[in-house]
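Here are my notes on the charged side chains. Please read them with the model open.

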Amino acid sequence: MNSQTIQDPLLNTVLPSDSLKIKKVLSDGSSAWAGVFVILLAIAFGVYCYFMGQSVYDDYKWKGSYTEINANIDGSCKSRMVIFTDCNVSITYGGIKYKKDFAFVDFSTKDYEVVALQSRLNPSKISLDLAIDKIPSRIFIVALFVAISLGMLWFGCVALFRNAPRMNKIINAINNNGGMQLALYQCDIAEWEKKKCVRYQLDIDGKQEEIRYAVAKKKKAILPIFITISDVDYALVVKDLNSGYFAVVDNGLNRFVMNKKDRKELRSRIDHYIAQQS
């Protein structure tokens with residue numbers, strides 16, 4: 001989508017005359033805090049993958065030395081999304097309790113009968129015959145989870161180190177250049193409402209950059225403010241006239257730094273403008 005906006009003189013009277021600031025909102029998809037959270041989540045997920053991989057490696061390393069033992073086995077296996085099965089089992093042997101958690105892919109719906117195993121070469125290694133049989137499938141699960149963890153890490157780094165600085169530049173320009181005005185950005189309302197994230201292009205430092213805005217259909221407050229004029233759809237944006245940078249205005253006006261009273265008054269002015277266009 002292009003970055004063309006339309007200035008309407010009537011919109012110039014909508015914003016308060018005193019100094020007004022805007023801020024990033026979560027829908028910008030570039031929150032630094034969101035990036036930090038996703039990175040930390042990716043690291044935590046990676047640590048989980050490490051221990052899961054270590055368990056697979058131990059079973060693979062000692063599988064040729066396992067023999068059956070008479071141990072008390074307590075736990076269960078649950079299927080998720082039809083084919084993913086995870087097992088949480090406690091094995092009590094020689095007065096010591098061993099935890100055995102593992103996951104694998106299995107299309108079977110039958111119950112599992114398991115036998116406890118102990119390595120002849122390393123008696124501290126206790127496992128289950130089911131865990132040994134499912135080693136190839138468990139390797140696949142670990143690889144899948146590692147890929148997901150890396151994907152989350154990449155997403156977090158993009159949000160933190162690329163999108164957040166880019167959005168900060170836009171916000172700072174709108175706040176500090178002295179040319180803040182409301183404007184209309186031509187869009188397709190039906191198309192925007194279908195998407196979870198809409199994109200538009202801005203020329204930033206001579207380079208076309210993609211800006212994102214998340215459309216949360218279930219949260220009306222963070223939907224864009226849509227206006228239809230002469231059968232043409234627009235989204236309301238706040239724009240810096242000097243740089244041409246703009247940001248989407250959300251339905252709850254959380255984009256603006258103001259108290260509830262001022263926000264309510266601004267909303268009333270915007271609604272009055274929209275009513276004039278119908």
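This is a predicted model: local features need pLDDT of at least 70, side-chain atom pairs count only at pLDDT 80 or more; totals for chains, interfaces and linings use all residues.

Which residue forms a salt bridge with Asp271?

1. The partner of Asp271 is Arg267. Their closest N and O atoms are 2.9 Å apart. Both residues sit in helix α5, which covers residues 260-277. They are 4 residues apart, so about one helical turn separates them. Asp271 has a relative accessible area of 35%, so this residue is partly exposed. Arg267 also counts as partly exposed, because its relative accessibility is 21% and the buried class ends under 20%.

2. Salt bridges that share partners also build a network, and its members are Asp59, Lys100 and Arg138.

3. Are Arg138 and Asp59 buried or exposed? Arg138 is buried, at a relative accessible area of 2%. Asp59 is buried too, at 1% relative accessibility.

4. Asp106 and Lys134 form another salt bridge. Here the closest N and O atoms are 3.5 Å apart. This pair also links distant parts of the chain, 28 residues apart. Asp106 lies in the loop between β5 (96-105) and β6 (116-119). Lys134 lies in the loop between α2 (129-133) and α3. Both residues are buried.

5. Asp250 deserves a separate look. Where is Asp250 found? Its place is the loop between β13 (246-248) and α5. Asp250 is buried yet has no salt bridge. The nearest side chain of opposite charge belongs to Arg255, 4.8 Å away. The side chain of Asp250 does reach a backbone nitrogen, that of Asn254, at 2.7 Å.

6. How many salt bridges does a search of the whole structure find? The count is 12.

Terms used
Residues are numbered from 1 along each chain as its sequence is written. Side-chain values use heavy atoms; hydrogens and water are left out. A salt bridge is a side-chain nitrogen of Lys or Arg within 4 Å of a carboxyl oxygen of Asp or Glu. Buried means under 20% relative accessible area, exposed over 50%, partly exposed in between (1.4 Å probe, protein chains only). Helices (H or I, at least four residues) and strands (E, at least two) are DSSP runs, numbered from the N terminus. Lys and Arg count as positive and Asp and Glu as negative; His and the chain ends are not counted. A polar contact is a pair of N or O atoms within 3.5 Å; within protein, one must be able to donate a hydrogen and the other to accept it, and residues adjacent in sequence count only if both atoms are side-chain atoms.
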